[in-house]
Amino acid sequence: MQRVLELVTSNPFGRAAHKAVSPLVRLLRRMSHPDVPNDHMVTKVAYRGRTFNLEHRRWSEDDALAIKQCFTQAQYDMPTGAHGVLVDILYREIVASGLQPLIIDCGANIGASVTWLAARYPEAHIIAVEPAVENFALLRRNCAGLDVDFRLAGISSADGRAYLDNPSGAHMGFRTTTEKRGVEIDLVSVGTLLASKPASAYAPFLLKVDIEGAEKSLFDGDTEPMNRFPLIILEPHDWLMPGQHTSQEFFRFHAASGREFCMKHENVASIVQHSSLLQMTKGLKN
């Protein structure tokens, strides 16, 4: 959007037209969304019959990309094939058993992934974990009214404290680090999040992980809580942090747990074995 504006205003005619139209655009924007700041905008998205008005920063390419990845590319709509069929059956059997499928969204950003997951799995309860305050504010506004438990924190293998750094300055570039730079934040573990949701009411279903390289520390510790999720969807970040082996611990966990693998766009999925999925669905039926 910023590049389009620059192109329009690169000549005298375009600048004059932009100057004349801008007051009307701002007026219409305030009338349609009076609570949205001028430097923000609202994008309407839809999936599986549900619509959402997602507020995001007007000139943020990261915000626009997050929305596109979720609602245009449907990057979290995985796995497919035989695994996808059994995952869907498992989801429905969890609901039929009287439990709520539990989804933990690690790195929930402004809420695009949360709203997509809520549309894809409407009976699920979602824990949305996001450490960046500005993103978290948008996350809460965009997901208001949904069955979401919001956690302002970073995710790790153990509870504690860390620092939130953003070396790139991008809205999707926040990273947790033990080095004393950036803002000090809370860390929460998957085990702690699971303990906050009684097994009598919730069943682990999907763990989504997009945490800018912190997957290295997340899977370098007690991985039993992660292994309780039949489906894990993760974005590896070796491409972003070459030489740091950020996905190595995840793949060690995946292989050691005997889980199965698929990928779509920039994400990979770790799925419990096909036979184990089948047993889980039969167990819930019984």
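This chat covers the aromatic pairs in a predicted model.

Reader: How many aromatic pairs does the structure hold?

Author: The structure holds 11 of them. Rings of Phe, Tyr and Trp (its six-membered ring) pair if their centres lie within 6.5 Å; planes under 30 degrees apart are stacked, over 60 edge-to-face, and the rest tilted. This is a predicted model, where local features need pLDDT of at least 70 and side-chain atom pairs count only at pLDDT 80 or more, while totals for chains, interfaces and linings use all residues. Residues are numbered from 1 along each chain as its sequence is written, and side-chain values use heavy atoms, with hydrogens and water left out.

Reader: Why is the pair of Tyr91 and Phe205 tilted?

Author: Their planes are at 50°, so the pair counts as tilted, with the ring centres 5.4 Å apart.

Reader: And where do those two sit in the chain?

Author: Tyr91 is in helix 4 (residues 81–96) and Phe205 in strand 10 (residues 202–209), 114 residues apart. Helices (H or I, at least four residues) and strands (E, at least two) are DSSP runs, numbered from the N terminus.

Reader: Is Tyr91 buried or exposed?

Author: Buried, with a relative accessible area of 7%; Phe205 is buried too, at 0%. Buried means under 20% relative accessible area, exposed over 50%, partly exposed in between (1.4 Å probe, protein chains only).

Reader: OK, what about Phe136 and Phe150?

Author: Their planes are at 85°, so that pair is edge-to-face, with centres 6.4 Å apart. Phe136 belongs to helix 6 (residues 133–142) and Phe150 to strand 5 (residues 148–152). Both Phe136 and Phe150 are buried.

Reader: Switching topic, which residues form one aromatic cluster?

Author: Phe219, Phe250, Phe251, Phe253 and Phe261.
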